[in-house]
Amino acid sequence: MAEIRFVRTAMLPPQEPPVSQIGAVRWVRENLFSGWLNGVLTVASAAFVVWLALHVGPWFMNAVWNAGSLAECREILAGTDGACLAVIRDRWPQLLFGFYPSELYWRPTLALLLLFVALAPALFPAVPRQLLWFSAIYPGLAYWLLWGGTLWFPVVALAGFAVGIAVFIALRPVLPLVAPFAGLVAPVFWWLFAVVPVTGLLAAVLPVGITPVRSDSFGGFTLSIIIGVTGIALSLPLGILLALGRKSDLFLVKTICVGFIEFIRGVPLITLLFTASLLLNYFLPPGTNFDIILRVVIMVTLFAAAYMAEVIRGGLAAIPRGQYEAADSLGLDYWKAMRLIVLPQALKISIPGIVNTFIGLFKDTTLVVFIGLLDPIGLSTAIRANTNWNGIYWELFLFIGAMFFVFCFGMSRYSMHLERRLKTDHR
Amino acid sequence: MAEPLHDITVDREIDRSRMRIGSEVAIQIAAMNKWFGTFHVLRDINMTVHRGERIVICGPSGSGKSTLIRCINRLEEHQSGRIVVDGTELTSDLKNIDKVRSEVGMVFQHFNLFPHLTILENCTLAPIWVRKVPRKEAEETAMHFLRKVKIPEQALKYPGQLSGGQQQRVAIARSLCMKPKIMLFDEPTSALDPEMIKEVLDTMIALAEEGMTMLVVTHEMGFARQVANRVIFMDQGQIVEQNEPEPFFSNPQSERTKLFLSQILRGH
């Protein structure tokens, strides 16, 4: 009979791995040539990349940057294949700002720069929290910079939030149940009835203002970014409320949310945009000037919020019942449990879907071309309408595509960074 | 589903000097019934718990023992009868429910720690947001209880980095941070490996030694014998037998109890 008794007397220390387990050789072998099929595919792909570079390369290398028209470009190229990027150089301000008055270009530029300042504390925890105050007033500031006019309008409009909070705090000791509702309704009344007269009054007493710019002068990437950023900023909170409403036990709340989501999701965005641009005018009293960009922003926001609600509902469904029970058993009420326990986890799970919706929304802003707003795509048509640049397609579309790609890729990278930062499950 | 048959006893002398049962009533349940849809899951439950009592509730799967203690902090709603916890009756009044919940701690089978928060944040969240305790004070309290459950060094880690036994001890500390008057344990050791069961039971015994009122749903009969002052046996949604541990185990009266004990204590 074989000896089966065994006792280890000394424990083995860990040793260095063999060379085949580390370094570049291993990487190449595992990732590029792990079998004959993968080897062939690697070589074929490399050949394709080289072929593509050889064909597209010269088009870029020969690019003409200095020309006043497509004809001039062709003259310079003299038959060789090359891009006429001069159109970008020539129409650069237009692609960025549309028909915004050229002496005021600094205003949208400053608004964009300040946007990054306002976003920083929300995006990166290392930025001082005090900067969030700037983020809070940024919407008013950006509105004032972009549209101009009296400074009092955004100030009075922002004051609506202060009115709401003041009403809430004043009523809370007296009527605790009515206070939150009154706090929500008060600013709406403020915006509907008080903003215009109060603004007029303040502007008469102390006129502070800059040149107003009308909405029909807006265009290009300025327009895309205005619609995109506002839509993104508003659709997330609205989507969260809709998702919570859809999961609510309250029949009426649930029905309204489900109805809203299903209706908005079931209708193409372009229909909503046409509604915004044409049909709304029939319903509004004659002579009402309801800003077209505002109308579009509202429609885009509602559209994205419906999608957002479903993405977040998916995240909510992934939170185990035990989390709700633990929150309940500690005495947290519904809103605290949602804000502190459920939503942080649900939103974290939903990040890819949320960013997906953001990117979709940003690209969908190009649809406003159909209701006569000059987004970058609309501008490219406008540029071609000029005899100088009649017939130029590739260069403009490539440039517009590249600009959109930069924004969307940025959002995508940030979302991946965020997912890594918030990863606490250590699976 | 087969229930675990552990009977781990604790190998130290239990300090009974502070285990006093007061005359004050902590929980009063009268003629309480509950249905899940058409299924009558709790039938005519009558039960009085005095301050300082340590009650173990046992019974086969589906006997309603978890549902019973979940009714005490309204994680489940009862349909008839009365439940009065610490003088507050549980009705649909949300204020009463929140009041009871902040006085009653609960420990779950699957710990239910908040995975996105550190251990310390898990422990300070409810005191800060429900009790409005200043952050610094809440953190001091949390560290005090984390020391008590013997894992202060894990305070800045996330739940996912801890073992099951450690997570359950954090869950106990998290409940204690709310300074509850009553603690409910819903099968606190059923999801744990044997070596981790002991560390959790040790923590629970330490809690009992301080005079905490405890209701424990468990299959740990060793714990019941050593710590409980009363054992309740449930079957088919009813309280079938209750007694002090010694006579309960040595001389069960009901046939159902005898059958259950013979199954769970097999081999001892």
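Modeller: Let's start with a term: a salt bridge is a side-chain nitrogen of Lys or Arg within 4 Å of a carboxyl oxygen of Asp or Glu. This is a predicted model, where local features need pLDDT of at least 70 and side-chain atom pairs 80 or more, while totals for chains, interfaces and linings use all residues. Residues count from 1 along each chain as its sequence is written, chains are lettered from A in the order written, and side-chain values use heavy atoms, leaving out hydrogens and water.

Biologist: How many salt bridges cross the interface of chain B and chain A?

Modeller: The rule finds one there.

Biologist: Why is the pair E325(A) and R70(B) called a salt bridge?

Modeller: Their closest N and O atoms are 2.6 Å apart, and the cut-off is 4 Å, so the pair counts.

Biologist: What makes a residue part of the contact?

Modeller: Heavy atoms within 4.5 Å. That takes in 25 residues from chain B and 22 residues from chain A.

Biologist: How much area do the two chains bury between them?

Modeller: About 2,000 Å², with 62% of it on carbon and sulfur atoms. Buried area is the accessible area (1.4 Å probe) lost on being put together, summed over both parts. On chain B's side, F114(B), H116(B) and W129(B) supply 28% of what that chain buries against chain A, more than any other three residues.

Biologist: Why is W51(A) called partly exposed?

Modeller: Buried means under 20% relative accessible area and exposed over 50%, with partly exposed in between (1.4 Å probe, protein chains only). W51(A) has 47%, so it is partly exposed.
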